[in-house]
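Subject: Structure handover

Hello,

Here is the structure for you to look at. My notes follow below it.

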Amino acid sequence: MNPLIPTDRNAAYEWRSESTQKPPKNAVFLRETNAAAVLQNARADTATVFTGDFHNGKQILAALKKRLRGGRPSEKRKPKADGQTADPAAAFHRHRLRQAQQSRLTNMLAVEIGADFTLGLPRAPDIRAALADVYDNANNAPFLLPLNLLLGFIGAHEWHKKGVDIPALGGRIHVPFGVFSPLRGEYLDLVMQAELPPHFQTAFDIGTGSGVLAALLAKRGITRITATDNNPRALACAAANTARLGLAQQIAVEAADLFPAGRADLIVCNPPWLPAKPTSAVETALYDPGHAMLRGFLSGAQQHLNDGGEIWLVMSDLAEHLGLRTADFLPTLFQTASLALIETLHTRPVHAKAADPSDPLAFARSRETTTLYRLRPL
């Protein structure tokens, strides 16, 4: 249930946000304002609901972000030449704290969404399809939505329609807002390159997200695949992609925290890579406190594996370079779960952040390696 917040219109409005942060205490409606005034209200825990020209609102948001970035001069410095930092974990947590603080202040510039997902601002685009992509049903009552989030919904909707080209599939994966997109494709290549025993006929894809790994396994000849997730958006996304690619006869999409019933010849998982707390639903694909999903997967996988079967785990070592886990963490988990390593396949990231020296985590991203671990029971 989304919270109601009081406003200067003598009425309470529903506040919607994907963030886990607390909503503002109240809100004021303004037709004319600027970044400084929005920021002043935000620091008083008051949201500014902009009622003026849509494009002017976007300019105010851009100015607000620029003001907030201006308070981080240290992030403009280039990383040390050796790629190291004295306390990588502290640097990571400072970065996450800054992200959270900036996100909260940025989200204090909001707009009113009217009935049936309309936006009554001059020069506003038609946002109905973008919001219908996120919310199950059209709204009957108006609600308040951060402008930055609305722009994110609009951008995500365009990506959803366009899709991400996956050459190995000979098609595209279409991903809505709230589901992890396979834009970083290097780990997909690992799944295509790993040796697949010819007698493997069944597979589980745990935490399927967009369904891309299940689709790749189907293309490699696995005849029956069960793809699981506990995110309703991911389940709908995976089912839609499976149908669109003509793989519905091979892939069944099921709601589960981890494993479905039964056993399989191959169990694949690409869990969240960083043991930190997510601040929104979409971040659960990236952040997993204490590596809870990873631990649960490794400790339970053997019970769902057919004799002679394999477990494929796809993990980045970014957490090690950030000081969030030690180099012996994964080998210890493998040993505890009575799993032996068959082979490792490695790749380096090619996304933009990996080569951006101005990124605050460049000291770690520049050294990151993604690995597919082939495992079998001892």
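Contact here means heavy atoms within 4.5 Å. This is a predicted model: local features need pLDDT of at least 70, side-chain atom pairs count only at pLDDT 80 or more, and totals for chains, interfaces and linings use all residues. Residues are numbered from 1 along each chain as its sequence is written, and side-chain values use heavy atoms, with hydrogens and water left out.

Helices (H or I, at least four residues) and strands (E, at least two) are DSSP runs, numbered from the N terminus.

**Threonine 48**

Threonine 48 sits in strand E4. Its relative accessible area is 0%, so threonine 48 is buried (under 20% is buried, over 50% exposed, in between partly exposed; 1.4 Å probe, protein chains only). Leaving out residues up to four places away in sequence, threonine 48 touches Val28, Leu30, Thr33, Val38, Asn41, Met108, Leu109 and Ala110.

**Aspartate 45**

Aspartate 45 is in the loop between helix H1 (35–43) and strand E4 (46–50). Aspartate 45 counts as buried because its relative accessibility is 17%. Beyond its neighbours within four places in sequence, aspartate 45 contacts Pro23, Pro24, Lys25, Asn26, Arg104 and Met108. Its side chain makes a polar contact with the side chain of arginine 104, at 2.4 Å. (A polar contact is a pair of N or O atoms within 3.5 Å; within protein, one must be able to donate a hydrogen and the other to accept it, and residues adjacent in sequence count only if both atoms are side-chain atoms.)

**Helix packing**

Axes are lines fitted to C-alpha atoms, for helices over the stretch in contact, and angles run from 0 to 180 degrees between N-to-C directions.

Helix H2 (residues 54–69) packs with helix H3 (residues 88–106) at about 150°, axes 10 Å apart. That makes H2 roughly antiparallel to H3 (over 145 degrees; under 35 is roughly parallel, 65 to 115 roughly perpendicular, the rest oblique). From H2, Leu61, Leu64, Lys65, Leu68 and Arg69 meet Gln102, Leu105 and Thr106 in H3. By class, that contact has four nonpolar, two polar and two charged residues. (Ala, Val, Leu, Ile, Met, Phe, Trp, Tyr, Cys and Pro are nonpolar; Asp, Glu, Lys and Arg charged; the others, Gly among them, polar.)

Helix H9 (residues 292–301) and helix H11 (residues 329–336) pack at about 35°, axes 9 Å apart. Leu294, Arg295 and Leu298 of H9 make the contact with Phe329, Leu330, Leu333 and Phe334 of H11. The H9 and H11 contact has six nonpolar, no polar and one charged residues.

Best wishes
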